[in-house]
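Please look through the sequence and the structure before reading on.

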Amino acid sequence: MAVETAPTTSKGQRTLKIHVTINGAPHDVDVEARTLLVHFLRENLGMTGTHIGCDTTNCGACTVLLNGRAVKSCTVFAVQADQGTVATVEGLEKDGKLHPIQEGFHQEHGLQCGFCTPGMMMTAVALLEKNKQPTELEIREAISGNLCRCTGYVNIVKSIDHAARVMRETAEGKA
Amino acid sequence: MIPASFEYAVARDVAHAIELLTSSGGEGKVLAGGQSLIPLMKFRLAQPAFLVDINRISGLAQIRENGDLRIGALVREADLDMNPIVRERYQILVDTTRVIADPLVRNMATVGGNLAHADPANDHPATMLALRASVVARGPTGERLIPIDEFFVDTFTTVLGPNEILTEIRIPKPPARSGGAYLKLERKVGDFAIAGVAVMLALDEKGKVGAVGIGVTNAGPTAIRARKAEEILRGQATDDKTIAAAAAAAAGESKPWSDLRGPAEYKLDVIRVLTQRAIRKAVARATGGK
Ligand SMILES: Cc1cc2nc3c(=O)[nH]c(=O)nc-3n(C[C@H](O)[C@H](O)[C@H](O)COP(=O)(O)OP(=O)(O)OC[C@H]3O[C@@H](n4cnc5c(N)ncnc54)[C@H](O)[C@@H]3O)c2cc1C
Ligand code: FES
Ligand code: FES
């Protein structure tokens, strides 16, 4: 990452300009250094798909992908995303077509109140990027930082498994 | 929760980070994975006036073997876990990193930050004590190598100066017939330890203990080394009686406190039991088992 372009506040100044690509779209914005990534997304950009559950780094409702990695956006400053990419739940659906992970949650009833769902899905997307055929244990481990108060997790695990299967079949179809 | 406002700078390299910290006159703080610092800032338990972001310094996130094992301060827990050298030869590090927080936190959290934060509840300190690691620190006057035994001063306090950067952790090459294990009891995934015990030991041809290190998590204001327990094991065969005596000694050296994770007496017993199990696991690994 080009460090020369990395942001630095000048003396006494607490706001800086960042360049960040969110769901493929470039943004050049001024942001206070103390702004958390989740507040930047929800309040500065109005992207409320990313939820705040606990605000204490425990629940994973705020999970987004920062440079491809699933992180808790309530525990990252927006300035840390400068020159980087962020993927949120809003970017999953493409041209009116649901992402396989969304299909999976739909098919397998992977949600009840839906509060944990955006974070669950982003964690699952990162998992399936690395591991095309996760075992049940691997899925459970991967989502162990995402809490759900409703489902008991069984259907969430099934939903992710469903998505993995669909993604493998699509990949084979293309090959 | 919103942290108090601060000035922010991205360090280009270690020298630049030191320069930035020095120019801040003691007001600056290093931002690594942020998984301890940012929560503290959100609660306003920490209100640094200036953050020096070291995440973009290249070369601090490498793991290499050079006789010893060298772990860059910025290596993320998730990367430590997946590293082939670590997986093959440093099982105790895999044990440790896998019980730290949860996979999302581990995608950001750094090994250097886990030590520099000096929380007695953090898991790497006990393991590094057992491994007899040292840390490399660089400051305005150059570099120094600090044995881990001298690194932790008190809760949240290390010997690092205000403008020193922890750059690397060095772990001595494991001798032949050696093995290690870290065992932690937690209330649920992602929680800090009720107690945790790290054991690293080497056996001679007759199966007697040679080099040995034992570290305990959440057993005082900093992670502790259970020296008496080590002394009991050294030179002895690892029979049930010796292991039981060492485990009792480790509990005797620990000073846990009563809190929502349980009363102190309970934790002492947890330390005793975990020490026994960790010794057995280390012995099993030293003799080719899991
Ligand atoms: C929900 C949750 C659960 C957790 N559970 C556990 C757990 O079970 N076990 C465990 O061990 N940890 C746990 N942690 C803590 C986590 O591992 C932290 O990431 C770690 O303690 C600090 O590492 P960091 O890279 O995030 O450091 P930061 O938060 O960036 O920094 C922590 C402190 O260290 C200093 N620092 C960091 N790097 C350096 C450096 N290279 N040189 C000098 N100073 C430096 C900073 O200035 C700061 O004071 C948990 C955290 C959360 C949020
Ligand atoms: S809101 Fe970020 S972890 Fe709960
Ligand atoms: S569906 Fe309600 S919290 Fe998960």
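Does B:R132 count as buried, partly exposed or exposed, and what is its relative accessibility? B:R132 counts as partly exposed, at 31% relative accessibility. The model discussed here is a predicted one.

## A network of charged side chains

B:R132 forms a salt bridge with B:E230, and the closest N and O atoms of this pair are 3.4 Å apart. B:E230 belongs to helix 9 (residues 227–233) of chain B, whereas B:R132 is in the loop between helix 8 (124–131) and strand 6 (134–139), so the pair ties together parts that are 98 residues apart in sequence. The accessibility of the two partners may be set side by side: B:E230 is buried, with a relative accessible area of 1%, while B:R132 is partly exposed.

B:E230 also forms a salt bridge with B:R234, with closest N and O atoms 3.6 Å apart. B:R234 is partly exposed, its relative accessible area being 31%. These residues take part in a network of salt bridges that links B:R132, B:D149, B:R225, B:R227, B:E230, B:E231 and B:R234. Side chains of opposite charge can pair when their charged atoms come close.

## A salt bridge within a helix of chain A

Over all chains, the count of salt bridges comes to 33. One that lies in chain A joins A:R165 and A:D161, whose closest N and O atoms are 3.3 Å apart. The two residues are four places apart in helix 5 (residues 154–174) of chain A, so about one helical turn separates them. A:R165 is partly exposed, with a relative accessible area of 35%, and A:D161 is also partly exposed, at 31%.

## The interface of chains A and B

In the interface, 38 residues of chain B are in contact with 41 residues of chain A. The area buried between the two chains is about 3100 Å², and carbon and sulfur atoms give 56% of this area. B:Y8, B:R56 and B:L104 supply 24% of the area that chain B buries against chain A, more than any other three residues.

Five salt bridges cross this interface. In one of them, the side chains of B:D102 and A:K72 meet with an N to O distance of 2.6 Å. There are also 13 residue pairs in polar contact across the interface. The side of chain B that touches chain A comprises 23 nonpolar, five polar and ten charged residues.

## Ligand 1

Ligand 1 lies between chains A and B. There are 33 residues around this ligand, of which B:V30, B:G34, B:L37, B:T110 and B:D123 come nearest.

Several side chains of chain B place polar atoms close to oxygen atoms of the ligand. The distance is 3.1 Å for B:K29, 2.7 Å for B:S36 and 2.9 Å for B:N114.

## Two further residues of chain B

B:T96 is located in helix 5 (residues 91–98) of chain B. This residue is buried, with a relative accessible area of 0%. Beyond its neighbours up to four places away in sequence, B:T96 touches B:D123, B:H124, B:T127 and B:Y182.

B:N163 is found in the loop between strand 9 (157–158) and strand 10 (165–171) of chain B. Apart from neighbours within four places in sequence, the contacts of B:N163 include B:I18, B:L21 and B:R138. The side chains of B:N163 and B:T22 are joined by a polar contact of 3.2 Å.

Definitions and conventions
Residues numbered from 1 in each chain as written. Chains lettered and ligands numbered in written order. Predicted model: local features only at pLDDT ≥ 70, side-chain atom pairs only at ≥ 80, totals over all residues. Heavy atoms only, no water. Contact = heavy atoms within 4.5 Å. Buried area = accessible area lost by both parts, 1.4 Å probe. Salt bridge = Lys/Arg side-chain N within 4 Å of Asp/Glu carboxyl O. Polar contact = N/O pair within 3.5 Å; in protein donor to acceptor, adjacent residues only side chain to side chain. Nonpolar A, V, L, I, M, F, W, Y, C, P; charged D, E, K, R; others polar. Buried < 20%, exposed > 50% of the residue type's maximum accessible area, 1.4 Å probe, protein only. Near = heavy atom within 4 Å.
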